[in-house]
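This report covers a metal site and a group of aromatic contacts.

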Amino acid sequence: MITLVPLSGFLGSGKTTTLISAAIAMQRTGRRVAVVTNDPGAGLVDTNLARGGLDEVAELAGGCLCRRLPDLAALLADADTAKKADVVLVEASGSCADLRNTVVRPLRDRYRDRVTVAPLTAVVDPLRLAAFTRAAERCEPEPDLGYLFGRQLVEAELLAINKTDLIGDERTAKLEARLAADYPTSAVLSYSATTGAGLEALVRFWTRPNPAANEHPNNEPGVPAGLGPHADVRAVRGEPKLDFTRYADAESQVAWLNEAFRVTASGPAFDALAWGRTVLRYLSDWSAAAGYYIGHIKLAVRTPAGLAKLSVTDTGAPPLADRAPARPVEYGYATLNARVVCPPSTLDDAVREAIAAADKAHRATSHGARPSSFRSAHRRHQPQRLAATG
Ligand SMILES: Nc1nc2c(ncn2[C@@H]2O[C@H](COP(=O)(O)OP(=O)(O)OP(=O)(O)O)[C@@H](O)[C@H]2O)c(=O)[nH]1
Ligand SMILES: [Mg+2]
């Protein structure tokens, strides 16, 4: 029986970092692990990053997990039959909610003889949570993206507080206690995907023997056993149903860019990490100046000397480097993914300018970058302003 671990959580919360660190930790204990990334568009930094450290990586692009459920089921069957994996970690897109009803429960219903589905795990960035909480405490109207963030927490079976290295032990303990009180039917854990602290407990939680989990789809924490397989778990828990209009509004505010292009040195070699840092610094400054909210902007440059990978997870924040190539290089293949609350054409302009600025500063030439952002069809004309996480 194969185990599926579904990871949800807001943009930039650390899902991919968690998935890679956890996969490596599991492999060390002899497990065969595969990972699956998912996005509305193709060309993912996350897939590049995962392929840099893991053998079994699949990308389900072109639609949310709920729309790709048959493909996910086929992937699981293949991984099982070909003995490629006994654990599959799946990352949902950061703007996805309602996974419990659209992915987890159908898998538990229909594939229970083949798949054990681990608790739906929402990766929580404590700084992002604090920003939404502060805005609520100031009695600001809840932005639709804040609503989406909240829904991811509501439906999770495990709230996994990540990035504890940024907040320290005392704040972590307080946050754990608060989430346990606010979400009494969910489990709460804390860890750091980058330092590895607490990661072992997270992995243990996912893979603990839980023979009851697949016996009945409603055998879940907080849900009385014996309800029919199609009962709505949220209704049973007394939670309001998902407001699909707000969910669609939230998604439609985000300009979404997946762009791939080639970069070559204008001189003998260029520094791909420094080049990438300039691209992201430019976009971060631009977002701060214009008041646009960054969900996540990430950039990977695949070079002969290794991968350069950087992220910005907040408006105006400095780019953080996750991977650095060993030396300057003659060329690289760049993948840029940006999720920003602004009009798509505005993001396209900013990306063009950012690339031009980096090319000029680092004696490089980018070829074939034609930014073409999109957003889901449900349009809002006034993107809402959100508080930065800082
Ligand atoms: N300090 C710190 N940074 C982290 C941790 N986990 C992730 N990050 C950083 O947060 C940024 C975003 O991490 P990702 O793993 O790409 O986040 P994600 O949730 O997969 O992002 P999307 O797929 O875009 O929604 C990266 O720069 C990571 O290095 C952590 O435990 N501590
Ligand atoms: Mg990711």
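The model is predicted; local features need pLDDT of at least 70 and side-chain atom pairs pLDDT 80 or more, while totals for chains, interfaces and linings use all residues. Residues are numbered from 1 along each chain as its sequence is written, chains are lettered from A and ligands numbered from 1 in the order in which they are written, and side-chain values use heavy atoms, without hydrogens and water.

Thr16 (OG1), Asp46 (OD) and Glu91 (OE) coordinate the magnesium ion (ligand 2) at 2.1 Å. Donors are N, O and S atoms within 2.8 Å of the metal (3.2 Å for Na, K and Ca); water is not among the atoms, so sites may look incomplete. Along the chain the donors have the spacing T-x29-D-x44-E. Thr16 belongs to helix 1 (residues 15-28) and Glu91 to strand 4 (residues 87-91), so this pair ties together parts 75 residues apart in sequence. Helices (H or I, at least four residues) and strands (E, at least two) are DSSP runs, numbered from the N terminus.

The whole structure holds six aromatic pairs. Rings of Phe, Tyr and Trp (its six-membered ring) pair if their centres lie within 6.5 Å; planes under 30 degrees apart are stacked, over 60 edge-to-face and the rest tilted. Phe10, Phe132 and Phe149 form one aromatic cluster.

The following residues count as buried (under 20% relative accessible area; exposed is over 50%, partly exposed in between; 1.4 Å probe, protein chains only).

| Residue | Relative accessibility |
|---|---|
| Thr16 | 7% |
| Glu91 | 5% |
| Phe10 | 2% |
| Phe132 | 14% |
| Phe149 | 5% |
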